[in-house]
Amino acid sequence: MFGTYFRVGFYGSKFGDLDEQEFVYKEPSITKLAEISHRLEEFYAERFGDDLVEIIKDSNPVDKGKLDPNKAYIQLTYVEPFFDTYELKERVTYFEKNYSLRTFLFCTPFTRDGRAHGELHEQHKRKTLLTTSHAFPYIRTRLPVVHKEEIILTPIEVAIEDMQKKMQELAFATHQDPADAKMLQMVLQGCVGTTVNQGPLEVAQVFLAEIPDDPRLYRHHNKLRLCFRDFTKRCEDALRKNKSLIGPDQREYHRELERNYLRLRESLHPLLSRRIPQLYAPLVPRSTHR
């Protein structure tokens, strides 16, 4: 029952010193976004009037020029504690992952033409990191944001991150103790199911069908290719684990999962066997003279 965190931004001259200020709020862990949104809207509506308070429902950067100067705007976003890779090695237990928290993350999908979601080849992602003035838990449950950093991911970087997340889910479901057959089958179905829209096969066909023209994308292309090789191995491990867990009534379902996996692997093979020659060229050209 640790806390849930929300970023709250205040926009409008009615807020006085709070105008354009951002805070991270710590709420009880069962608090939903709609609850804190309704509570803040009700609180400020009593101060400014019902018609003068408006909730901004997306997490995109706020353009003050487009806001009504006579209104008070509140933007709310669910955020999660963020840890660097080295921190995760030290923060093993649930308590350690919920104590001394100063950095929070939220992600915003977007496309170049302004839509939130689009086709795989045009889907970007904005990752926003917020740093608070003190660490949670603190004597106050609202702390100001003192530093903000944005990272823009290109479509192929979004695909790499999504595949890494799928692999983590597969690894967790495969090695869970005690084993949970239903969870394992649900994750497997999402990975090898033939009807999954924008699933692994479509991702591979979009980003790995052709070697990119831009040399700056070579390493991303290669990283995604290696992700898929690891992904197929983890699917195989998960299928082996599922076979050891099921009863006679689920054997036909398991065989269907295996058939889907074999079809997926066959479709991926030509895409994963293609290497970018430039990445494997020697760094220093070999001399023919001693």
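Lys127 and Glu161 form a salt bridge, with their closest N and O atoms 2.8 Å apart. Lys127 belongs to strand 6 (residues 124-136) and Glu161 to helix 3, so the pair ties together parts that are 34 residues apart in sequence. A salt bridge here is a side-chain nitrogen of Lys or Arg within 4 Å of a carboxyl oxygen of Asp or Glu. Helices (H or I, at least four residues) and strands (E, at least two) are DSSP runs, numbered from the N terminus.

The model is predicted: local features need pLDDT of at least 70, side-chain atom pairs count only at pLDDT 80 or more, and totals for chains, interfaces and linings use all residues. Residues are numbered from 1 along each chain as its sequence is written, and side-chain values use heavy atoms, with hydrogens and water left out.

Lys127 counts as buried because its relative accessibility is 16%, while Glu161, at 23%, counts as partly exposed. The classes are buried under 20% relative accessible area, exposed over 50%, and partly exposed in between (1.4 Å probe, protein chains only).

## Other salt bridges

The count of salt bridges comes to 20. Another one joins the side chains of Arg91 and Glu87 at 3.8 Å, N to O; both of these residues are buried.

In helix 6, Asp230 and Arg234 are four residues apart and therefore separated by about one helical turn. Their salt bridge has its closest N and O atoms 3.5 Å apart. Asp230 is partly exposed, at 31% relative accessible area, and Arg234 is partly exposed at 28%. A network of salt bridges links Glu252, Arg255, Glu256, Arg259 and Arg263.

## Helix 1

Helix 1 covers residues 33-48, and its 16 residues should span 22 Å at 1.5 Å a residue; the end C-alpha atoms are 22 Å apart, which agrees. The expected span is 1.5 Å times one less than the number of residues.

Its buried residues are Ile36, Ser37, Leu40, Tyr44, Ala45 and Phe48. They cover an arc of only 160 degrees around the axis, which puts them on the same side of helix 1; the arc is taken over the directions from the helix axis to the C-beta atoms. These buried residues pack against strand 1 (4-11), strand 2 (21-27), strand 3 (53-56), strand 4 (72-81) and strand 7 (142-153), where contact means heavy atoms within 4.5 Å. The face turned away from the buried side carries the exposed residues Ala34 and Glu46. Just after helix 1, Gly49 has a positive phi of about 115 degrees.

## Nonpolar cores

A nonpolar core is a set of buried Ala, Val, Leu, Ile, Met, Phe, Trp, Tyr and Cys residues joined through side-chain atoms within 4.5 Å. The largest has 30 residues, and Leu170, Leu224, Phe228 and Phe231 have the most contacts inside it. Two or more residues of this core come from each of helix 3 (155-175), helix 4 (181-192), helix 5 (200-207), helix 6 (218-245) and helix 7 (251-272).

Not counting residues up to four places away in sequence, Phe228 touches Met163, Pro200, Val203, Ala204, Leu208, Leu268 and Leu272. A second, separate core of 16 residues includes Phe6, Phe10, Leu18 and Leu76.

## Gln185

Gln185 is found in helix 4 and counts as buried at 7% relative accessibility. Its side chain makes polar contacts with the side chains of Asn242 at 3.1 Å and Gln250 at 3.2 Å. A polar contact is a pair of N or O atoms within 3.5 Å; within protein, one must be able to donate a hydrogen and the other to accept it, and residues adjacent in sequence count only if both atoms are side-chain atoms.
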